[in-house]
Amino acid sequence: MIVDMEELAATTGIYDTELLKTFVGDFFKICSKDLERIVVSMKKGDNKAVVHHTHNIYGAAYRLALKEIREAAATLGKAAANMETEKYDKLYGELVEVFNTGSEEYKKIA
């Protein structure tokens with residue numbers, strides 16, 4: 001996912017690696033709150049909120065070229081938009097897994 005900041009800089013077009021480190025760190029900090037809100041929304045049966053929070057993660061991951069996180073958020077968001085609640089647990093688990101993996105990889109190179 002995140003090999004090194006120089007590669008990520010080339011992928012994102014954000015060549016100031018110190019600034020990029022800040023952006024990526026903020027992404028994991030802020031979007032972890034969206035992950036928490038997704039669980040609450042799923043329990044409430046609020047598909048619209050699940051879509052909203054997954055879209056927040058998707059958009060930020062897209063800008064930072066965090067492909068695996070972006071794809072996992074998109075998949076859960078599509079399931080929510082289509083009211084496929086039976087898929088929630090599996091897809092949410094996948095999103096959390098790639099999110100946590102990305103966060104750990106970031107900590108190693110930041």
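**Entry 1: Ala65.** I started in the loop between helix 3 and helix 4, where Ala65 sits. A reminder to myself: this is a predicted model. I looked up the backbone here and found phi of Ala65 near 60°, a positive value in a residue that is not glycine. Is Ala65 buried, partly exposed or exposed? Its relative accessible area is 21%, so I wrote it down as partly exposed.

**Entry 2: Thr12.** Setting aside neighbours within four places in sequence, I found Thr12 in contact with Leu20, Arg63, Leu64 and Ala65. The relative accessible area of Thr12 is 10%, and buried means under 20%, so Thr12 goes down as buried. I also looked at its side chain: a polar atom there lies 3.4 Å from the backbone oxygen of Ala9.

**Entry 3: helix 3 with helix 4.** Next I took the two helices on either side of the Ala65 loop. Their axes come within 8 Å, and helix 3 and helix 4 cross at roughly 160°. Angles over 145 degrees count as roughly antiparallel, so that is my label for helix 3 against helix 4. I noted the crossing of helix 3 and helix 4 as left-handed. Which residues meet? From helix 3 I listed Asn47, Val50, Val51, Thr54, Ile57, Tyr58, Ala61 and Tyr62, and from helix 4 Ile69, Arg70, Ala73, Ala74, Leu76, Gly77, Ala80 and Ala81. By class, the contact of helix 3 with helix 4 has twelve nonpolar, three polar and one charged residues.

**Entry 4: helix 2 with helix 3.** On the helix 2 side the residues include Phe27, Cys31, Leu35 and Ile38, and on the helix 3 side Val50, His53, Thr54 and Ile57 are among them. The class count for helix 2 with helix 3 is ten nonpolar, four polar and two charged residues.

**Entry 5: helix 4 with helix 5.** How do the axes of helix 4 and helix 5 cross? I read roughly 160°, with the axes coming within 9 Å. Helix 4 is therefore roughly antiparallel to helix 5, and their crossing is left-handed. Among the contact residues are Ile69, Ala72, Ala73 and Leu76 of helix 4, with Tyr88, Leu91, Tyr92 and Phe99 from helix 5. Sorted by class, the contact of helix 4 with helix 5 has twelve nonpolar, one polar and two charged residues.

**Entry 6: the loop between helix 4 and helix 5.** With a relative accessible area of 56%, Met83 is exposed. Lys87 is in the loop between helix 4 (67-81) and helix 5 (88-109) as well. At 36% relative accessibility, Lys87 counts as partly exposed. Last, I checked a distance: Lys87 and Lys108 are 21 residues apart in sequence, and their C-alpha atoms are 32 Å apart in space.

Definitions and conventions:
Residues are numbered from 1 along each chain as its sequence is written. This is a predicted model: local features need pLDDT of at least 70, side-chain atom pairs count only at pLDDT 80 or more; totals for chains, interfaces and linings use all residues. Side-chain values use heavy atoms; hydrogens and water are left out. Contact means heavy atoms within 4.5 Å. Helices (H or I, at least four residues) and strands (E, at least two) are DSSP runs, numbered from the N terminus. Ala, Val, Leu, Ile, Met, Phe, Trp, Tyr, Cys and Pro count as nonpolar, Asp, Glu, Lys and Arg as charged, and the others, Gly among them, as polar. Buried means under 20% relative accessible area, exposed over 50%, partly exposed in between (1.4 Å probe, protein chains only). A polar contact is a pair of N or O atoms within 3.5 Å; within protein, one must be able to donate a hydrogen and the other to accept it, and residues adjacent in sequence count only if both atoms are side-chain atoms. Axes are lines fitted to C-alpha atoms, for helices over the stretch in contact, and angles run from 0 to 180 degrees between N-to-C directions. Angles under 35 degrees count as roughly parallel, over 145 as roughly antiparallel, 65 to 115 as roughly perpendicular and the rest as oblique. A crossing is left-handed if the near helix is turned anticlockwise from the far one by less than a right angle, and right-handed if clockwise.
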